[in-house]
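Subject: Structure handover

Hello,

Here is the structure I promised to pass on. Please open it first, then read the notes below.

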Amino acid sequence: MERDALRMTPARVPVVAFKIRHSSVQVELDVERNVTCEMNALAIGPLAQQIAAMPMGVEMLLEGFLAARSARHQSPVLHIQKFELLEGTT
């Protein structure tokens, strides 16, 4: 995981941008497939402060929604609305 420094919006709302790595096993046509990818993510408000304070490399279950990075850049960003630390991580 890569993470930018915590910043404040002009309205003084905390925001942190970071990169996540997804890894799972999925079944496709009855065959197990290892799936990995990296994606940009964003947390706003109290979640941003919590994520910014975590050590790098922790494993989390994330929930949120996908949105375009901006009107000019259509690459997806996962906006985190909820997260849970997975057991066994530091």
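Let me start with contacts along the chain. Among contacts with a separation of 6 or more, 48% join residues 24 or more positions apart. Please keep in mind that this is a predicted model.

**Overall picture**

The chain has 90 residues, and 23% of them count as buried. Its secondary structure comes to 1 helix and 6 strands. Read from the N terminus, the order is β-β-β-β-α-β-β. The C-alpha atoms fill a box of roughly 50 × 35 × 20 Å along the principal axes. The accessible surface is about 6,700 Å². Carbon and sulfur atoms hold 51% of that surface.

**Strand pairing**

Begin with β3 and β4. Strand β3 covers residues 14–28, and strand β4 covers residues 31–44. They pair in the antiparallel sense over 14 bridges. One of the bridge pairs links E28 to V31 in β4. The hairpin of β3 and β4 has 2 residues between the strands.

Strand β4 has another partner, β6, which covers residues 76–85. Here the pairing is parallel, over 3 bridges. In this pair, A41 stands opposite L78 of β6.

**Positive phi angles**

Which residues of the hairpin and loops are worth a look for their backbone? Most residues other than glycine have a negative phi. Three residues to look at here are L29, D30 and R12.

- L29, in the hairpin of β3 and β4, has a positive phi near 55°.
- D30 is not a glycine either, yet its phi is positive, at about 65°. D30 sits in the loop between β3 and β4. Its relative accessible area is 77%, so D30 counts as exposed.
- R12 has a positive phi near 70°, and it too is a residue other than glycine. R12 lies in the loop between β2 (7–8) and β3. With a relative accessible area of 61%, R12 is exposed.

Is V31 buried or exposed? The cut-off for exposed is over 50%. V31 has a relative accessible area of 51%, so it is exposed. V31 lies in strand β4.

L62 is in strand β5. Its relative accessibility is 23%, so L62 counts as partly exposed. What does L62 touch, leaving aside residues up to four places away in sequence? The answer is I20, L78, I80, K82 and F83. L62 and V31 are 31 residues apart along the chain. Their C-alpha atoms are separated by 26 Å.

**Pockets**

Where is empty space left? Rolling a probe the size of a water molecule over the atoms shows this.

The largest pocket has a volume of about 450 Å³. It is lined by 14 residues, and the closest to its centre are I20, R21, H22, E59 and M60. Strands β3 and β5 (60–68) each supply at least two residues of this lining. β3 gives the most to it, with 5 residues. By class, the lining of the largest pocket has 8 nonpolar, 3 polar and 3 charged residues.

The second largest pocket holds about 300 Å³ of space. Its lining has 17 residues. Nearest its centre are D4, A17, F18, N40 and A41. Strands β1 (2–3), β3, β4 and β6 each supply at least two residues of the lining of this pocket. Again β3 gives the most, with 5 residues. The lining of the second largest pocket divides into 9 nonpolar, 2 polar and 6 charged residues.

**Where to look on screen**

Start at the β3 and β4 hairpin, with L29 in it. Then find A41, which stands opposite L78 in β6 and lies among the residues nearest the centre of the second largest pocket. Next, go to I20, which is one of the residues closest to the centre of the largest pocket and is touched by L62.

Best wishes

How values were computed:
Residues are numbered from 1 along each chain as its sequence is written. This is a predicted model: local features need pLDDT of at least 70, side-chain atom pairs count only at pLDDT 80 or more; totals for chains, interfaces and linings use all residues. Side-chain values use heavy atoms; hydrogens and water are left out. Two strands pair if DSSP finds at least two bridges between them. Helices (H or I, at least four residues) and strands (E, at least two) are DSSP runs, numbered from the N terminus. Buried means under 20% relative accessible area, exposed over 50%, partly exposed in between (1.4 Å probe, protein chains only). On a 1 Å grid over the protein atoms alone, a cavity is a set of points where a 1.4 Å probe fits but cannot get out, and a pocket is an open set with protein on both sides within 12 Å along at least five of seven lines; lining residues have an atom within 4 Å of a point. Grid points are joined across faces, edges and corners, and a volume is the space filled by probe spheres set on the points. Ala, Val, Leu, Ile, Met, Phe, Trp, Tyr, Cys and Pro count as nonpolar, Asp, Glu, Lys and Arg as charged, and the others, Gly among them, as polar. Contact means heavy atoms within 4.5 Å. Accessible areas come from the Shrake-Rupley method with a 1.4 Å probe; for residues, only the protein chains shown count as cover.
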